[in-house]
Amino acid sequence: MIRTELIAPVSVLLKRHAAQKPVKLAYKDARTSVTYAELAHSTAQLAGHLQDAGIEPGDSVAIFLPNSVEWVESCFAVVRAAAISVPISYDSTVPEVA
């Protein structure tokens with residue numbers, strides 16, 4: 001059985017999770033953690049900043065961060081800004097990044 005209620009844009013899913021379980025832990029790394037409510041808020045804020053900086057729908061946005069809560073937030077924010085995430089391994093060498 002396909003659960004079609006689970007098929008929705010990321011922004012809708014983030015808002016839904018924030019409303020249904022706002023204080024539940026969404027992601028955690030060695031330094032920090034974020035609840036679903038915090039994740040919805042931070043990704044909306046960052047998506048707005050990306051748009052204010054000139055990122056338009058369909059633009060590519062490189063993400064060069066170590067595995068972390070910030071990495072997850074960045075990926076979701078780029079999607080919320082209707083752009084395309086281009087994750088670059090934080091362990092890449094300078095020539096690989098170029």
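**Close-up 1. Val97 and its nonpolar surface patch in the predicted model.** Val97 counts as partly exposed, at 35% relative accessibility. Helix α4, residues 94–97, contains Val97. Together with Phe64 and Tyr90, Val97 makes a nonpolar surface patch of about 270 Å².

**Close-up 2. The salt bridge between Glu70 and Arg31.** Side chains of opposite charge can pair when their charged atoms come close. The closest N and O atoms of Glu70 and Arg31 are 2.8 Å apart. Glu70 lies in helix α3, and Arg31 lies in the loop between β1 (25–28) and β2 (33–35), so the pair ties together parts that are 39 residues apart in sequence. Glu70 is partly exposed, with a relative accessible area of 29%. Arg31 is exposed, at 65%. The count comes to one salt bridge.

**Close-up 3. Packing of helices α1 and α2.** Two packed helices are described by the angle between their axes and the distance between the axes. Here α1 (residues 10–20) and α2 (residues 36–52) pack at about 145°. Their axes are 7 Å apart. The crossing is left-handed. From α1, the contact involves Leu14, His17 and Ala18. From α2, it involves Tyr36, Ala37, Leu39, Ala40 and Thr43.

**Close-up 4. Ala82, a residue with positive phi.** Most residues other than glycine have a negative phi. Ala82 has a phi near 65°. The loop between α3 (69–80) and β4 (84–87) holds Ala82. Ala82 is partly exposed, with a relative accessible area of 42%.

Note on methods
Residues are numbered from 1 along each chain as its sequence is written. This is a predicted model: local features need pLDDT of at least 70, side-chain atom pairs count only at pLDDT 80 or more; totals for chains, interfaces and linings use all residues. Side-chain values use heavy atoms; hydrogens and water are left out. Helices (H or I, at least four residues) and strands (E, at least two) are DSSP runs, numbered from the N terminus. Buried means under 20% relative accessible area, exposed over 50%, partly exposed in between (1.4 Å probe, protein chains only). Patches are made of residues with over 30% relative accessible area and no salt bridge: like charges are joined within 9 Å, nonpolar side chains (Val, Leu, Ile, Met, Phe, Trp, Tyr) within 5 Å. Accessible areas come from the Shrake-Rupley method with a 1.4 Å probe; for residues, only the protein chains shown count as cover. A salt bridge is a side-chain nitrogen of Lys or Arg within 4 Å of a carboxyl oxygen of Asp or Glu. Axes are lines fitted to C-alpha atoms, for helices over the stretch in contact, and angles run from 0 to 180 degrees between N-to-C directions. A crossing is left-handed if the near helix is turned anticlockwise from the far one by less than a right angle, and right-handed if clockwise. Contact means heavy atoms within 4.5 Å.
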